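Please consider the structure shown below.

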Amino acid sequence: MTNRKMIPPEEFAANLFDLFHRKWFLLTSGCFGTRQFNTMTVSWGFLGEMWMRPTAIAVVRPQRYTLEFMDRYDSFTLCAFGESFREALKLCGAKSGRELNKVEAAGLTAIPSESVSSPGFQEAELILECRKVYRGEFRKECFLDKMIPQEFYPGKDFHRIFVGEITQISGTGAYRRNAE
Ligand SMILES: Cc1cc2nc3c(=O)[nH]c(=O)nc-3n(C[C@H](O)[C@H](O)[C@H](O)COP(=O)(O)O)c2cc1C
């Protein structure tokens, strides 16, 4: 079992570019209690400060099964893993929960969160629990760099944007400043 402990936001330490771009997260939304949830790999998003709250932003294209859960439930989690879970994250980023039970296929174990209904994973080295506070979407007319919609949204499948208040961070010592 991964040795995670609670980390206050001001003690959290990570290279955010590395976390999103190289390491990736599993974005999970739903309810652990009823087993109604779905997970998918994400590598785009933000962590920071907004409205006096530690905040995470996840972006989800409309065709993702996970979007149905993001819309229906009031929370999500972002989980990061060690390198040995790369294949599991690739699978969760290639297959849809509409086709198979990805959690089982990836060999992951869902666990209840402390502060939200959406589960995390026992194998994660970092879990961010988030309460949804805003939902929006990118709109073509708002892009100032017109190359972005051309390059990233030829099918007009603009990402939905979910802002979550981070209600709890738990992670290994690697994610804590001045960890003993
Ligand atoms: C490395 C990686 C990063 C991804 N990042 C995102 C993302 O930020 N947003 C998104 O909508 N899809 C992203 N995807 C695609 C989804 O993970 C993928 O379509 C997944 O199969 C959706 O599963 P679902 O239908 O069960 O929700 C990413 C895929 C990979 C492999």
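In which strand is the place of Lys132? Lys132 lies in strand S9, where strands (E, at least two residues) and helices (H or I, at least four residues) are DSSP runs numbered from the N terminus. This is a predicted model, in which local features need pLDDT of at least 70, side-chain atom pairs count only at pLDDT 80 or more, and totals for chains, interfaces and linings use all residues. Residues are numbered from 1 along each chain as its sequence is written.

**Lys132**

- Lys132 is partly exposed because 19 other C-beta atoms lie within 10 Å; a residue counts as buried with 20 or more such atoms, as exposed with 12 or fewer, and as partly exposed in between, with C-beta atoms placed from the backbone.
- Leaving aside residues up to four places away in sequence, Lys132 touches Asp74, Ser75, Phe76, Phe162 and Gly164; contact requires C-beta atoms, placed from the backbone, to lie within 7 Å.
- Phe76 and Lys132 are separated by 56 residues in sequence, and their C-alpha atoms are 7.2 Å apart.

**Overall fold**

- The protein chain contains 5 helices and 10 strands.
- Its C-alpha atoms fill a box of roughly 50 × 35 × 30 Å along the principal axes.
- Of the 180 residues in the protein chain, 34% are buried.
- Among contacts in the protein chain with a separation of 6 or more, 71% join residues 24 or more positions apart.

**Nonpolar core**

- The largest nonpolar core has 36 residues, and those with the most contacts inside it are Phe25, Leu27, Ala58, Leu78, Cys79 and Leu128. Such a core is a set of buried Ala, Val, Leu, Ile, Met, Phe, Trp, Tyr and Cys residues joined through C-beta atoms within 7 Å.
- Elements that each supply at least two residues of this core include strand S2 (25-31), strand S6 (75-80), helix H3 (86-92) and strand S9 (126-137).
- Leu78 touches Phe25, Leu27, Ala56, Ala58, Leu128 and Cys130, not counting residues up to four places away in sequence.

**Ligand shell**

- The ligand is surrounded by 19 residues, of which Tyr65, Thr66, Gly93, Ser96 and Gly97 are the closest; membership requires a C-beta atom, placed from the backbone, within 6 Å.
- Strand S3 (36-42), strand S5 (53-60) and helix H2 (65-72) each contribute at least two residues to the shell, and the largest share, 4 residues, comes from S3.
- The shell comprises 8 nonpolar, 7 polar and 4 charged residues. Ala, Val, Leu, Ile, Met, Phe, Trp, Tyr, Cys and Pro count as nonpolar, Asp, Glu, Lys and Arg as charged, and the others, Gly among them, as polar.

Notes. Two residues are in contact if their C-beta atoms, placed from the backbone, lie within 7 Å.
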